[in-house]
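Let's take a walk through this protein together. Have a look at the fold first, and then we'll go through it step by step.

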Amino acid sequence: MMKKPEDAARWLLERDHFLILTHVRPDGDTTGCAIALCLGLRSLGKDAWIWKNPQFSGRFLPRMDGMLRTDLAADATLVAVDMATESLLPHGAEDFAGKSRLCIDHHPSNTFYAGETLLDASCAGCGELIYQVLEAMGVAITPAMAEAVYIAISTDTGCFRFSNTSAQTFETAAACVAHGAQIAPINRQLFEIKTKGRLQLEARMMTDMEFYCGGTVAICCLPQSLVEELGVSEDDLDSISGFPRTVEGVLVGAVLRDSEPGKVKFSVRTAPGYNASTYCAALGGGGHAAAAGAAIPGTLAEGKAALLAVLRQDKTLWK
């Protein structure tokens, strides 16, 4: 395991022909990290590409113009960003299992599947760590790189509202602005604008939300049939996992989805003092203390029962 960004920087500088991997259902952090790292490596004369994750958001695709590829060259150096475990490899990249040579990550649940790992769980977003690696490599940060890093850290902190936000997070964001990042349009696109479909979805979820333990636990089951009925896209579903926690008094909120037949996916968000990663680890997943996920076989009803069984074991919550 690498101990500091300088170790990863030296490792990257000694190699070439990079293919950067993002995780399934890519968020702004993994996507922003991939863009910033790809641009940074290219600025140093390296051959660098991003594997074309089929679930990339249309909001970010224009920023990856000319950076995507779908093949794995024989001499490719695979680098995973913001990916805690190989179970999060995106659809179509399953054959990459066991081939990642470097992982740059901030999840404490990282399984150390790569040949080398740079892990710093104190970073609110993996983008903070990518920025440090770019600086350690001597990269001249461009506005495009700065905006990619800003997207990464702002999305993983809920635009700096979440408890994981630190002084270092703000320092990195300030550095991005100093390097030319135009943050106002990014903030509006990511955190203000909602489609009518998203608003209709929130209304339905609020109606169907179930509360437990005196209203401190809130669970939303989001069937794929409702997603299709309302015609909402994956972009519309961005950050939907945090919706139950917006209700006053909720300490643990969860959204369950059956977007894949026979499988239930959990996204759990918690208030300080309650560990989402611990809950999800009991279901075979992981993540951060405040935000984690898991997936198990079954229906939405079976998934809800499994999650409630786990939550009831926490006597500090289920009093």
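How much of the protein chain counts as buried? Of its 319 residues, 51% do, where buried means under 20% relative accessible area, with a 1.4 Å probe and protein chains only. Keep in mind that this is a predicted model, where local features need pLDDT of at least 70, side-chain atom pairs count only at pLDDT 80 or more, and totals for chains, interfaces and linings use all residues. Residues are numbered from 1 along each chain as its sequence is written, and side-chain values use heavy atoms, leaving out hydrogens and water.

Now for the overall build. The protein chain has 10 helices and 12 strands; these are DSSP runs numbered from the N terminus, with helices (H or I) of at least four residues and strands (E) of at least two. Along its principal axes, the C-alpha trace spans about 55 × 40 × 35 Å. What about contacts, meaning heavy atoms within 4.5 Å? Among those between residues at least 6 apart in sequence, 64% join residues at least 24 apart.

Next, zoom in on a stretch from the record. UniProt, in an unreviewed entry, puts "domain: DHHA1" at residues 227–312; its positions follow the numbering used here, feature names are shortened, and annotations may be inferred rather than shown by experiment. This span is 26% helix and 30% strand, and its end C-alpha atoms lie 29 Å apart.

Finally, find S277 in helix 9, which covers residues 276–281. S277 is buried, because its relative accessible area is 15%. Beyond neighbours within four places in sequence, S277 touches S109, G286, G287, H288, A289 and A292.

Note on methods:
Buried means under 20% relative accessible area, exposed over 50%, partly exposed in between (1.4 Å probe, protein chains only). Contact means heavy atoms within 4.5 Å.
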